[in-house]
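I opened my notebook to keep track of a few things I wanted to look up. Here are my entries, in the order I made them.

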Amino acid sequence: MKFYDSYQNEVDTELTELEQLFKRLYFSHPERHLDTPKQIPETEDIIQLALRQTSSRLPQPLIKSELDETIFFNSGFDTELYRHLRYFPANWHSHSFFEVACVVQGNCMNYIANQTLPMQEGDICIIAPQTTHAISVFTDDCIILNILLRTSTFEQVFFGILAENDILSDFFMRCLYQSKQHPYLFFRTEGDQEVFNFVGYAYDEFTGNHQYKSRMLNSIINAFFITLLRNQGSSVITPEIDMHGKDENVVFILKYMQENYSSVTLKELSDFFNYSERQIQRIIKKSTGISFSENIQKLKMRKAARLLSNPNVSVTAIAEELGYSDQGSFRHIFRKYYGMTPIEYREHSHTSALIGRGECPPLSACTSQVQL
């Protein structure tokens, strides 16, 4: 695979001096099974043996089991990119930041907690912080680029893209943060050239010496995630869902709910996707943690809150847009959800916005003015 259309050279698969040493040690010690996950102390002698035979320096993070972003990232940078070292012992490790493993070429094994995930060319795996994992790359032709992101940067970019897609944002966040056994998202892109263009752009930018490097990297990573979610978001593989059954439609189901929440019924949803109502309830509850009706109510209330920020849209019009024929019912549900009526919420939001812009005196005085 070429990184992108204008890239003139194929990916260089020639082993570095250090990779050649680790390859020889791997084949010289088959009894050590270095390609299967080990704790770092179990392979430290092999690592030190290789280092004594070369002048190459091994990055310190490769010989630590826990990595913290406060000491790992270069000053002023939110993103780091590295080619995975082939034939390096598959050591268990975790870190306080996000890792995005992109298989540019070849095949490898990704061990995440108690699950083995085979990866092939075009696959992308987003691994959440504090997740114990190991990647095994023991062929000459496998090229993996690891994109490492500060947690705050990932959340700002990834979930910022999904800001208007409440239910998918909640779903992905649940997969990454609330799944204790398999906290990752897996995209089988089939070598999506557009997505991997940005992987190539980011790698060239990171390894180069350009002006505004950090800012440019952030822009490229933002475009990478937008393209990944736009092109591959519907086909993401989530480990908490049974991918051998019909549950693989979960993202399509959630998107359908997002797009039709003002009027969709459980029966309509089950008929559209050819499930029984009981089956589709199970899928929704399993993937989001809450029921169909609770999801729909959450979507409506979040939309109502956004609409209330516009003073030119009446509460009656908002209720009608969200599918409530009775304004009193809408007001009752909104108050139960937010602890205040729609009018009170609008006044509170307006006051907060004025204070934020410095256009209003202290809260107590400003509140008094609103109440007059």
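Predicted model: local features only at pLDDT ≥ 70, side-chain atom pairs only at ≥ 80, totals over all residues.

**Entry 1: helix 4 and helix 5**

I began with a pair of helices, since I like to have an angle and a distance in hand: two packed helices are described by the angle between their axes and the distance between the axes. For helix 4 (residues 151-161) and helix 5 (residues 166-178), I noted a packing angle of about 155 degrees and axes 11 Å apart. Angles over 145 degrees count as roughly antiparallel, so I wrote helix 4 down as roughly antiparallel to helix 5. I also noted that their crossing is right-handed.

Next I listed who meets whom. From helix 4 I have T151, F154, E155, F158 and F159, and across from them in helix 5 are S169, F172, M173, L176 and Y177. Sorting the residues of this contact gave me seven nonpolar, two polar and one charged.

**Entry 2: helix 5 and helix 8**

I stayed with helix 5 and turned to its packing with helix 8 (residues 250-260). Here the angle is about 145 degrees and the axes are 8 Å apart. On the helix 5 side I found D166, I167, L168 and F171, and on the helix 8 side V250, V251, L254, K255, M257 and Q258. My sorting of this contact came to seven nonpolar, one polar and two charged.

**Entry 3: T189**

Then I went to a loop. T189 sits between strand 10 (184-188) and helix 6 (193-207). Is T189 buried or exposed? I put T189 down as buried, because its relative accessibility is 4% and the cut-off for buried is under 20%.

I followed its side chain to two backbone atoms: the oxygen of G122 at 2.5 Å and the nitrogen of G191 at 3.2 Å. Setting aside neighbours within four places in sequence, I listed G122, D123, I124, F196, L228 and Q232 as the contacts of T189.

**Entry 4: Q281**

My last stop was Q281, which I found in helix 10 (residues 277-288). With a relative accessible area of 30%, Q281 is partly exposed. Which residues does Q281 touch, not counting those up to four places away in sequence? I wrote down L266, S291 and F292.

Conventions:
Residues numbered from 1 in each chain as written. Heavy atoms only, no water. Axes fitted to C-alpha atoms, helices over the stretch in contact; angles between N-to-C directions. Helix = DSSP H or I, 4+ residues; strand = E, 2+ residues; numbered from the N terminus. Parallel < 35°, antiparallel > 145°, perpendicular 65-115°, else oblique. Left-handed = near helix turned anticlockwise from the far one by under 90°. Contact = heavy atoms within 4.5 Å. Nonpolar A, V, L, I, M, F, W, Y, C, P; charged D, E, K, R; others polar. Buried < 20%, exposed > 50% of the residue type's maximum accessible area, 1.4 Å probe, protein only. Polar contact = N/O pair within 3.5 Å; in protein donor to acceptor, adjacent residues only side chain to side chain.
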